[in-house]
Amino acid sequence: MSPSGSALSRPGAICRNGQGVYCRTFGPRYIPTLVQGVAVNLSGKHVVITGASSGIGEALAKEFGRAGARLTLVARRRELLDRLSGEIGGGCIGIAHDLSDPSKALDWIPAAEAAHGPIDVLVNNAGVAPTGRSEAIGADELESLLNLNFVVPIRITHHLLPGMIARKSAAIVNVGSVAGLVPVPWQTCYSATKAGLGGFSEALRGELLGTGVVVLSVYPGPVTTELGEKGYAALGGRTGINRLVPEGTPDVLAVKIRSHLENERARLVYPGMLVTSRWFPNWTRWMLDKVAPRVFDKMSKPT
Ligand SMILES: NC(=O)c1ccc[n+]([C@@H]2O[C@H](COP(=O)([O-])OP(=O)(O)OC[C@H]3O[C@@H](n4cnc5c(N)ncnc54)[C@H](OP(=O)(O)O)[C@@H]3O)[C@@H](O)[C@H]2O)c1
């Protein structure tokens, strides 16, 4: 049966492909292969986006809302979530919750499921990125960073996975960073959390092949958001060699994430020029070691 005629391709289904593969090169037919493609149809799906009150999460909420998803938005700033939910409409709800405490990582889930039913798509996006010397970060801030960026996304995923696998139809999007592919000085702990999340994400995708649960790993470079602005402020602004680093926008990234889900893609590096960090990590490492002291000029001077 062709993908367009399969049960899973009906409007409202997440996966176009349960066992075989839709072969794009040779047209709409299934072929036995080692690689599995799974397309995600967001229409009517319950999508949870963490860190949706601003930046990439906010842009994703708007984009997925346009795709017809039923949205649950999670972050701390209630007023921003309420405003965004009203703007998106379609039953979108906001849940104000601090995701930096692993013991309370799952507390928002009953409210989300009461509103929209089982979670079909989880977007682990909430994050912070302190920039500065490793020894300067406070112990509490460090704990919070590790939990928010790494421990809690895995904790939530671990909790939701059994239901997703049983329903044979779901998606998980993990928003990492190119700093997880090629770790960045003066963002050491941040880089470590993103490397860890990326590792979990890539391995999980392989583990879930054939289950109907798809995993998309996203690796943004600089994107113009509150987090990005704080990073540049810590570095003394977009001056010197900083200006040469390509920078993207949350709106374009959101469109790309939706497109990657709909087109069976496993990972996304954005802006595209930074794909060198994935394909040529050693070269990128060398470049970074050469330029980092200048990019991070302000930071590189011990106080
Ligand atoms: N912008 C970049 O250059 C860039 C590059 C690489 C990767 N990324 C990644 O992209 C993701 C989104 O960041 P962004 O650039 O869009 O920055 P942003 O605009 O600052 O968004 C971060 C989001 O995380 C939420 N958040 C922060 N602490 C939280 C907490 N304790 N509990 C719950 N939610 C919390 C914030 O909401 P509240 O403050 O309302 O809680 C906000 O919605 C992050 O994981 C970041 O690491 C960004």
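In which loop does Glu264 lie? In this predicted model, Glu264 is placed in the loop between H8 and S9, where its phi is near 60°, a positive value in a residue other than glycine. Glu264 is buried, because 20 other C-beta atoms lie within 10 Å. Most residues other than glycine have a negative phi, and most peptide bonds are trans. Against that background, a further residue and one peptide bond may be set beside Glu264. Lys168, likewise not a glycine, has a positive phi of about 55° and is located in the loop between helix H4 (139-167) and S7; Lys168 has 14 C-beta neighbours inside 10 Å and therefore counts as partly exposed. The peptide bond from Tyr270 to Pro271 is cis, with omega near -5°, and Pro271 belongs to the loop between S9 and helix H9 (276-279).

The secondary structure of the protein chain comprises 11 helices and nine strands. Of the 303 residues in the chain, 42% are buried, and among contacts between residues at least 6 apart in sequence, 66% join residues that are at least 24 apart.

Seven strands form an open sheet with parallel pairing, in the order S5-S4-S3-S6-S7-S8-S9. Its edges are strand S5 (93-96) and strand S9 (267-270), each of which pairs on one side only, and the twist from one strand to the next averages 15°. Within the sheet, strand S3 (residues 46-50) pairs with strand S6 (residues 121-124) in the parallel sense over three bridges, and Val47 stands opposite Val121 in S6. Helix H8 (residues 250-262) lies across strand S7 (170-175), strand S8 (213-220) and S9, and runs at about 160° to S9.

Helix H2 (residues 78-88) has Leu81, Leu84, Ser85 and Ile88 as its buried residues. Seen down the axis of H2, these buried residues fall within an arc of 100°, so they line one face of the helix. On the other side of H2, Glu79, Gly86 and Glu87 are exposed. The buried residues of H2 pack against H1, strand S4 (70-75) and S5, two of these elements being strands of the open sheet described above. After H2 comes Gly89, the phi of which is positive, near 70°.

Towards the end of the account stands Trp283, which lies in helix H10 (residues 281-295). Trp283 has 12 C-beta neighbours inside 10 Å and therefore counts as exposed. Although Trp283 and Val182 are 101 residues apart in sequence, the distance between them in space is 9.9 Å, C-alpha to C-alpha.

Methods:
Residues are numbered from 1 along each chain as its sequence is written. This is a predicted model: local features need pLDDT of at least 70, side-chain atom pairs count only at pLDDT 80 or more; totals for chains, interfaces and linings use all residues. Two strands pair if DSSP finds at least two bridges between them. Helices (H or I, at least four residues) and strands (E, at least two) are DSSP runs, numbered from the N terminus. Axes are lines fitted to C-alpha atoms, for helices over the stretch in contact, and angles run from 0 to 180 degrees between N-to-C directions. Two residues are in contact if their C-beta atoms, placed from the backbone, lie within 7 Å. The arc is that of the directions from the helix axis to the C-beta atoms.
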